[in-house]
Amino acid sequence: MIEERRDVLVDVFKVVHWMNVRKMTSHELADRLHLEVEEFGRLLAADELDLADEVAEALARHLEIELPQLRGSTAATDVVVRTAAELRATRRVVARDGIAFYNYYTMAAPLGRVAPVILDILCPAGRLPALNNGHLEPAITVNLGPGDIRGRWGCELTPATWRQMRAGTPAVPWVTGDSYVEPSFCPHTYALASDRPARIISYTGESGLRALLTEANAWADHAFEAMVAMAADGSPAAVLRDALARRGHDLTSLARRTGIARDRLAALADLTLDELRAIAAVLATDYRTLLPARRQHDEVGKTFCSVEDSVASIRPFRGYQVADLAAAPHLPDLTGLYLRVDADASTPVDASATAARAPLDLCDTTQTHYFVLDGDVTLWWRRDDAGGGGDGGCAAGRARLGADGSVWVPPFVAHGWTGHGSLVKLGSGPHLSYRDHLELSNTFEAGRALRRGRRDRLAWGYDARSGVPA
């Protein structure tokens, strides 16, 4: 029997998944764990298991995986709210170059997730701010004012590496300042531009390279350098060369199969969309990987959006006024908006309101962060209510926030704002990232696959003992 100790939390759905991957029946795995098949079946009927160390380790060993691959998920399922007071309680002073350089504050986010930060800029005007080393995660940075700041992005000072980030104007106070997108590992730093104080939002989105780099940490040096050489090309031609090699083709055989001249295939230039699709059909690959990326950045990889650009973009959207923050087509998961709320909360009027009555006019495919700039606003969101009630058991969550309040909203959770105030709305992966969209667009009967894969308890399908000798 399994001991009563509670040492390791194991996700049953991950266990079933790896049983299917390893083609291991529940009878076989129960035998290896020295459990009765019926007892093991009862364990698999739960969602999570608290297992003693040795049992969990044995389970991972027989499935030929590492124990962390079975641990229970920490994914958040409900909105996370952080008040202004809670934000201020996260304050920590960061020193650089012998001075107090920033005050950092952390916005709302679930445990284990990358969270945006607010920075008080403390480096005084007239001092060249010392650079940091950059970080893997790309980011959107927004000047919140009230003063201008100076940004630095390189050792040699040029118009691209040393420029003003201006605050907004009284004419449109809810557009607080310039913003920009920075790429991975871009050194950056900031100083005040005058004696006026200033602060920023730094929104670091999750990097699409993180999983690859985590695995590559264990690769042999020669294998890693080979990958770097391929990636450094940065062109669809490198993708084509890889697809040719993996499918056992060369340009001659591809030209013969597609009817496209070999020299045109070699250049991979000026090909029509139909020709790219013909190439992809022969190589059984996604033709979209053969299209060049559209890049929109300066010499150090930044994409800027000025106050004037943001103001010029103001438009109505689902009862709000919104304005653009910096964005770049080569970083499609990073999104941002200024958002102005002017909506009297006529209904619902109390926390017992159902989701059917709440103003749930926003619903994003990725995680969303909000930061309240000013005013008095209330967030409403659709929340599962195990106690039942109106709207088929779904109640409306409610959080009233003032300036410096922040919120994290999970993907696909309907929500909306009432009251009068201004916010910054930010979004990023990990789900649904643009890579998820591409994968789903390629998945056969994607809806069916998603429904089958969620909380999947169906075993491999050969659990019954056949009586056939091993």
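**Strands, burial and contacts in a predicted model**

Student: What makes S6 and S12 a pair, then?

Tutor: Two strands pair if there are at least two bridges between them. Strand S6 (residues 117-121) is joined to S12 by 4 bridges, so the pair passes that test. The two run antiparallel.

Student: Why is strand S12 called largely enclosed?

Tutor: Look at residues 198-204: 6 of the 7 are buried, so S12 is largely enclosed by the rest of the structure.

Student: Why is Ser-310 called buried?

Tutor: Buried means under 20% relative accessible area. Ser-310 comes in at 0%, so it's buried. You'll find Ser-310 in helix H12 (residues 307-312).

Student: Which residues is Ser-310 in contact with, leaving aside neighbours within four places in sequence?

Tutor: Val-175, Cys-305, Ala-323, Asp-324 and Tyr-338. Contact here means heavy atoms within 4.5 Å.

Student: How much of the protein is buried?

Tutor: Using that under 20% cut-off, buried residues make up 44% of the 470 residues.

Student: And how many helices and strands are there?

Tutor: The protein has 15 helices and 20 strands.

Methods. Residues numbered from 1 in each chain as written. Predicted model: local features only at pLDDT ≥ 70, side-chain atom pairs only at ≥ 80, totals over all residues. Heavy atoms only, no water. Buried < 20%, exposed > 50% of the residue type's maximum accessible area, 1.4 Å probe, protein only.
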